[in-house]
Amino acid sequence: MRDCLINPDLIYIFAQPGTIYKEYGDSICGITLDIDLQLLYSAYMQGVFPWFSEDEGEPVVWHSPDPRFVLKTQDFHIPRSASKFLRHTPYTYTMDKAFTQVMIECANQNRKGQNGTWIGNMMIEAYTKFHEAGYAHSFETWHEGELVGGLYGVLIGSVFCGESMFTKATDSSKSAFILFMKAFIECGGLLVDSQVYTDNIARYGAKNISRSAFFKIEQKALHSSLKKNLETEFEVQVNKITGAL
């Protein structure tokens, strides 16, 4: 299905950030009316992502901010409290078992200082197709059969672009993120692109770097494949903390 939906050799070129719509800042690379799947793939291959308010009737605005907030895998560290929690976690964890549901929960998550969400129906439809094509993935946290936390993002090469996460129970998304990171590192992952600063990811070692520095790292990592299957390794990491191994 992946090869039928997206042609990896076809890249639509975005404008350089800051060269258009300068009155709205220096991160905009393009504006479209929809999110074509080939365009979405092309965007991530150039460090660009869609960020707009569908509820307010905005068109699709494509961004490449400066600075860029990233987590290099060699800088990743686990807070002591989170490590302690994982040793006695009451949850179960899966990968790619409820992608669209995770997106919907992320859209409904109340966030301090933020009115509404950038995850509208158009985004959910586009990223669900991206997931079906093999590029977008979700990591889910369950408690007694209920989805209580999770995150989703885009994986190309050795780069994971984290899009959003949600939490409905204590440390549910944090623990899923840590298990993802353990698996990602074991597979040879190089970079997590968090796009813009968040306190949540900063606690794991993420830092702001310049856009130019980000491009240099990303362009190499995008063409460096993971050494292992991420879903298989994620299961290994889950089994380790649940005592199944």
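1. A nonpolar core is here a set of buried Ala, Val, Leu, Ile, Met, Phe, Trp, Tyr and Cys residues joined through side-chain atoms within 4.5 Å, where buried means under 20% relative accessible area, exposed over 50%, and partly exposed in between, with a 1.4 Å probe and protein chains only. This is a predicted model, in which local features need pLDDT of at least 70 and side-chain atom pairs count only at pLDDT 80 or more, whereas totals for chains, interfaces and linings use all residues. Residues are numbered from 1 along each chain as its sequence is written, and side-chain values use heavy atoms, with hydrogens and water left out.

2. The largest nonpolar core has 44 residues, and those with the most contacts inside it are Tyr44, Trp62, Tyr127 and Phe130. Among the elements that give two or more residues to this core are helix H2 (37–44), helix H5 (121–132) and strand E7 (146–156); helices (H or I, at least four residues) and strands (E, at least two) are DSSP runs, numbered from the N terminus. H2 gives the most to this core, with six residues.

3. Leaving aside residues up to four places away in sequence, Tyr127 touches Leu40, Tyr44, Pro50, Phe99, Met103, Ala136, Tyr152, Val154 and Glu163, a contact being heavy atoms within 4.5 Å. A second, separate core of 32 residues includes Leu71, Phe139, Leu155 and Val192.

4. An open sheet of seven strands has the order E5-E6-E7-E8-E9-E4-E10, with mixed pairing; two strands pair if DSSP finds at least two bridges between them. Strand E5 (92–95) and strand E10 (207–209) stand at the edges, each with a single partner strand, so one side of each is left without a neighbour in the sheet. Within this sheet, E8 and strand E9 (residues 191–195) pair in the parallel sense over three bridges, and Cys161 stands opposite Asp193 in E9.

5. H2 packs on the sheet, touching E7, E8 and E9, and its direction makes about 75° with that of E7; axes are lines fitted to C-alpha atoms, for helices over the stretch in contact, and angles run from 0 to 180 degrees between N-to-C directions. Helix H9 (residues 230–242) lies across E5, E6 and E7, running at about 175° to E5.

6. Three strands form an open antiparallel sheet in the order E1-E3-E2. Four bridges join E1 to E3, and the bridge partner of Ile28 in E3 is His63.
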